[in-house]
Amino acid sequence: DAAPVPAAVRFYVAHERAILGTLMVILFLVAWEGLERGWWACLLHPLLGASAERWQLKPIFISSPTLVAAAAYRMFFVTGEIWRDLAWSGMSYVLGLALAIAVGIPLGLAAGWYRRFSYAVEPLLAALNATPQVAFLPLLVIWVGTGVGTRVLIIFLLAVLPLAINAHAAVRTTDPRLIKVNIPGRGQKVC
């Protein structure tokens, strides 16, 4: 007979993914903290000598997880200064997404419904979708500036293409029989 599997092994096997993921995050945070505090320079000094000082990074180039957590705690709970910034960012996001929905979904539906309109719009959508969105950022800053309008426009451009392309694909792949059933006066009544 096989020996019973210990409870610790059963627990590990049942939760292996979460355990390994948590350990990797902890290892990353410790490595990051060590870079900022100079732990790695101290540990490698006996092996590398003076060249180990390259592992001692200046605070201007890197922060540590503990400093980030302390700053986050201060900004959220002590001074509350982040709430105003989150409100502005949230407003930019909502405006950009609302504009993208208002333009992208009707554009995609119209392009999917009307074949000639699709012929005119589809190359433009394909070209914009193939272009890396990051390429537009310098142009947007030059054209619009760095205010709320730029953020709204960036979010709009990032969201409008997927919305329009997916709405177009949804109309094109819908079974024509379902569309006929749903047209008032021409289809069957569905109770």
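Select helix 5 (residues 81-113) and helix 6 (residues 115-130), whose axes come within 6 Å and cross at roughly 130 degrees. Helix 5 is therefore oblique to helix 6, since angles under 35 degrees count as roughly parallel, over 145 as roughly antiparallel, 65 to 115 as roughly perpendicular and the rest as oblique. Axes are lines fitted to C-alpha atoms, for helices over the stretch in contact, with angles running from 0 to 180 degrees between N-to-C directions. Helices are DSSP runs (H or I, at least four residues) numbered from the N terminus.

This is a predicted model, in which local features need pLDDT of at least 70 and side-chain atom pairs count only at pLDDT 80 or more, while totals for chains, interfaces and linings use all residues. Residues are numbered from 1 along each chain as its sequence is written, and side-chain values use heavy atoms, without hydrogens and water.

Next, display the side chains at the crossing. Leu107, Ala110, Ala111 and Trp113 of helix 5 make the contact with Arg115, Phe117, Ser118, Val121 and Leu125 of helix 6; contact means heavy atoms within 4.5 Å.

Remain on helix 5 and select Ser92. Ser92 is buried, with a relative accessible area of 2% (buried is under 20%, exposed over 50%, partly exposed in between; 1.4 Å probe, protein chains only). Beyond its neighbours within four places in sequence, Ser92 is in contact with Val148, Arg151, Val152 and Ile155.

Finally, move to helix 1 and select Val9. Val9 is partly exposed, with a relative accessible area of 41%.

Notes
Helix = DSSP H or I, 4+ residues; strand = E, 2+ residues; numbered from the N terminus.
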